[in-house]
Amino acid sequence: MEYKHPFVTSFGRVEHKDFYIIEVIDEDGVSGFGETEAFTTPWYTEETTETNRHVIEKLLVPLLVATPIAHPEEITERFQKIRRNNMAKAAVESAVWDLFAKKKKQPLYQMIGGTKQVIDVGVSIGLQTSTHQLLKVIEAKLSDGYKRVKLKIKPGNDVELVREVRRAFPTIDLMVDANSAYKLSDLKILQQLDQFSLQMIEQPLANDDFVEHASLQKQLQTPICLDESIHTYSDVKTAVALGSCQIINVKMSRVGGIKHVKEIEKYATEHNITLWCGGMLEAGVGRAHSLAVASLGQFTLPGDTAASDNYWHRDIIAPAVHVKNGQVHIPNKPGIGYEVDREALEYFSIEKIVLNN
Ligand code: OSB
Ligand code: MG
């Protein structure tokens, strides 16, 4: 699926997304849906669309169908014998959750313990060709109602950029995301960001360096939020123990599924760590799962779960995800609450794999 506008980060440019929609069908013919959220190249995590396909087809589905399950929570343990490959696992696990919620005729967000039906949302804005262009995009997103703005930064596109944005929008909730573009030796630059009352700085340093993030956090007033660093419950414990961050961007796909999100949410609640729901520029199915997760109590800040029309001319769910006054109302319908638009799915599909058992 082609994006309306390319999304540019410190890593590079994303112009379109290839992914698999997982449809799981049970013995009664009830369907549940999940979405693989990795990108075509491993710039964000080590997974790709193709590794997702391989792992799902050859490893996860055989484990899933080996013997019947009574509850989607059983899947997590079954998948434990496969290391990592969290996005592959999440696509399958979340599809089964959708199926299970539909069978129980319950909205997924309620089934997983979510408490909010109305979700506050912000928007993540990629690097633009000029500051003037960035200010125009921010203006448009604010008039769409988004509650906070996240800017991508990288060395050379940081302090002066944020200064200009702050000058134009002195009071908006504003944050930045570096996608690991800095080193601890850039401390002086990062400290200059403290003057702009940012809500947080997301993933300034290397994805695998909890120690350096802890050292940086001690020398910054602005809260650090970790994104790419967090793949597991243990990563959360490490970050908390070392003081590597105060906030975590949780992506259901990055941590391997809904059950893992629930465990992380419980720990974060006990340890006073603020959570919010990030995005993978995913399409409607993945977005619907993100919204269900964002409904959990500890997800207290607006997420990156923007509306379908922030990304696509046409999404693959009906209704599309709508944002009004900076909020999404999760439909009170069984499962993810959105129907998969089979006509749209057919229109975008380039490959279909059927796995029987
Ligand atoms: O770092 O949060 C990120 C998009 C792709 C990969 C990583 C990130 C992002 C975003 C946008 O910031 C999230 C979205 O709008 O879905
Ligand atoms: Mg990020």
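These legends describe close-up views of a predicted model.

**View 1. The magnesium site.** Three residues supply the protein donors of the magnesium ion (ligand 2): Asp 177 (OD), Glu 202 (OE) and Asp 227 (OD). They lie 2.1 to 2.2 Å from the ion. Along the sequence the donor residues follow the spacing D-x24-E-x24-D. Glu 202 sits in strand β9 (residues 201–202), while Asp 227 is in the loop between β10 (224–226) and α9 (233–242). This pair, 25 residues apart, links distant parts of the chain. Glu 202 has 0% relative accessibility and counts as buried. Asp 227 is buried too, with a relative accessible area of 1%.

**View 2. Helix α3.** Helix α3 covers residues 86–103, 18 residues in total. At 1.5 Å a residue it should span 26 Å, and its end C-alpha atoms are 25 Å apart, which agrees. Of its 18 residues, 17 are buried, so the rest of the structure largely encloses α3. Buried here means under 20% relative accessible area. Lys 105 follows the helix and has a positive phi, near 55°.

**View 3. The largest pocket.** The largest pocket has a volume of about 1700 Å³. Its lining counts 48 residues, and Ile 21, Ile 22, Glu 23, Val 24 and Ile 25 are the closest to its centre. Two or more lining residues come from each of β3 (21–25), α1 (49–65), α3 and α12 (342–348). Helix α1 gives the most, with nine residues. By class, the lining has 27 nonpolar, seven polar and 14 charged residues.

**View 4. The second largest pocket.** This pocket holds about 460 Å³ of space. It is lined by 20 residues; His 5, Pro 6, Gly 126, Gln 128 and Val 137 lie nearest its centre. The elements giving two or more residues to the lining are β1 (2–8), β6 (123–125) and α5 (131–143). Strand β1 gives the most, with five. Eleven lining residues are nonpolar, seven polar and two charged. Domain 1 (2–105) and domain 2 (111–340) both contribute to the lining, so the pocket lies between them.

**View 5. The largest cavity.** A search of the whole structure finds five cavities of 30 Å³ or more. The largest cavity has a volume of about 180 Å³. Among its 18 lining residues, Phe 7, Lys 152, Lys 251, Gly 279 and Leu 281 lie nearest the centre. The lining has seven nonpolar, five polar and six charged residues. Both domain 1 (2–105) and domain 2 (111–340) give residues to the lining, so the largest cavity lies between them.

How values were computed. Residues are numbered from 1 along each chain as its sequence is written. Chains are lettered from A and ligands numbered from 1 in the order in which they are written. This is a predicted model: local features need pLDDT of at least 70, side-chain atom pairs count only at pLDDT 80 or more; totals for chains, interfaces and linings use all residues. Side-chain values use heavy atoms; hydrogens and water are left out. Helices (H or I, at least four residues) and strands (E, at least two) are DSSP runs, numbered from the N terminus. The expected span of a helix is 1.5 Å times one less than its number of residues. Buried means under 20% relative accessible area, exposed over 50%, partly exposed in between (1.4 Å probe, protein chains only). On a 1 Å grid over the protein atoms alone, a cavity is a set of points where a 1.4 Å probe fits but cannot get out, and a pocket is an open set with protein on both sides within 12 Å along at least five of seven lines; lining residues have an atom within 4 Å of a point. Grid points are joined across faces, edges and corners, and a volume is the space filled by probe spheres set on the points. Ala, Val, Leu, Ile, Met, Phe, Trp, Tyr, Cys and Pro count as nonpolar, Asp, Glu, Lys and Arg as charged, and the others, Gly among them, as polar. Domain bounds come from an automatic or database domain assignment. Donors are N, O and S atoms within 2.8 Å of the metal (3.2 Å for Na, K and Ca); water is not among the atoms, so sites may look incomplete.
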